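Me: I have a new structure open and I'd like to learn how to read it. Can you walk me through it feature by feature?

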Amino acid sequence: GRKLQNTGTAMWDASFVLAELLSRVKSPSNSPIKRWLPKPRNKHKGWDSWNGKIAVELGAGLGLPSIIASKVGLNKIVSTDGDPHVIKLLRTNIENNCVGTVPRVVKLFWDPESTKSWTLDRLCLDRPVDLVLASGVVYGADTRVFDALANTVSNICDDHTVVLLAHGQGAAPGLHRSTGPFFQSIEKRGFVYHRLDSLHLHADFRSRGCVVHVLKRESCTRKGEKSRSKMKSGRKNEPTSKTKKAKKKKKRKGKKQLEETSTPSKSKKNEKKKRKRKKIEDSIEDSIKNEMKTEVESKSKKTKTDNDTKVTENIKKKKKLKKRFKKLKKERSRHRASSTSSGNCSETSKSQKDRS
């Protein structure tokens, strides 16, 4: 094809990285950006999916992120660019590749003095958007362009908006380190920014200098969450597993030191609580021991009573047997006596007969 001077007619690495990341973020609450999501606009829907959300892409170029956004589940998408030649290509790409929700193409110039109502009317929107996409838009060294871009981002965002910015090798100086005039202007408008770890990007583009930043309003930061502007820039700020472990160890040591160097009133209260716990534990142990003793004693008593009953029964049986034996002896003696007396009577009768 013919050589074109404008940058919007080429496929840059940043647009591919942003589109590929968005294709994996079907549920924002379970994604690499979940830590930086603001409060949802609708509590019932939340950030479980992109359903019911509105997205705008700034400096869309060929519109690859917008095409992927239409397939992820966003309800309304607006693709913008300021070059008329680029807008023609953008419209044809969207018509040929989008299925379902077709993004609307709008010509939009960034203006540092534009108001919120003007930009929303230009985009035909009733309210601020939920997602802002931009890839390869911060390049060169013109601070006026950076200020205009920051102003447009601020005009279409509110406390419920997430901004995803992708940058490649040709980005402005200091942008990969989260420094430079663009971030200074975006900080003035109340935004907080964070650079995603390169492990969340596509493997083929981790070593090509591609970076993705997540932006949101500072008013919707969570409690205990520091703003990115107060932190030092660079890869050193990204917490690794080793640094996390070291921080946890430091916290534990600090807690121990605080406990050791606490005021005497607190130590006395802790001692009283420990004593009460010990008393309660001792009373429970004593009650358990007493219950065991009573159970053992009751069992022993039962065995004794059973043995006594058995002994008494045996004695009674012996007595009965003795009585029966005595009766039998008496009966035998009587029987013998009767037999001897009858024998004597018969002998006397015989002798008398012989005499006669």
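Me: Which residue in E7 does His194 stand opposite?

Reply: Before that, some ground rules: this is a predicted model, where local features need pLDDT of at least 70, side-chain atom pairs count only at pLDDT 80 or more, and totals for chains, interfaces and linings use all residues. Residues are numbered from 1 along each chain as its sequence is written, and side-chain values use heavy atoms, with hydrogens and water left out. Now your residue: His194 stands opposite Val214 in E7.

Me: How many bridges join E6 to E7, and which way do the two run?

Reply: Strands pair if DSSP finds at least two bridges between them. Here five bridges join E6 to strand E7 (residues 211–217), and the two run antiparallel.

Me: Which residues of E6 point one way and which the other?

Reply: In a regular strand, side chains alternate between the two faces of the sheet. Phe191, Tyr193 and Arg195 point one way from E6, while Val192 and His194 point the other way. Buried means under 20% relative accessible area, exposed means over 50%, and partly exposed is in between (1.4 Å probe, protein chains only). Five of the five residues of E6 (residues 191–195) are buried, so this strand is largely enclosed by the rest of the structure.

Me: How do I read aromatic pairs, and how many are there?

Reply: A pair of rings is described by the distance of the centres and the angle of the planes. Rings of Phe, Tyr and Trp (its six-membered ring) pair if their centres lie within 6.5 Å; planes under 30 degrees apart are stacked, over 60 edge-to-face, and the rest tilted. By this rule the count is four aromatic pairs. In one of them, the rings of Phe16 and Phe205 have centres 4.9 Å apart and planes at 40°, so that pair is tilted. Phe16 sits in helix H1 (residues 13–24) and Phe205 in the loop between E6 and E7, so the pair ties together parts that are 189 residues apart in sequence. Phe16 is partly exposed at 31% relative accessibility, whereas Phe205 is buried at 9%.

Reply: Then take Phe182 and Phe183: their ring centres are 5.5 Å apart with planes at 65°, so this pair is edge-to-face. Both of these residues, Phe182 and Phe183, are buried. Together with Tyr193 they form one aromatic cluster.

Me: How many disulfides does a search of the whole structure find?

Reply: A disulfide is a covalent bond between the sulfur atoms of two cysteines. The test is a pair of cysteine sulfur atoms within 2.5 Å, and a search of the whole structure finds zero. As for individual cysteines, Cys98 is buried at 11% relative accessibility, and Cys157 is buried at 0%.

Note on methods
Helix = DSSP H or I, 4+ residues; strand = E, 2+ residues; numbered from the N terminus.
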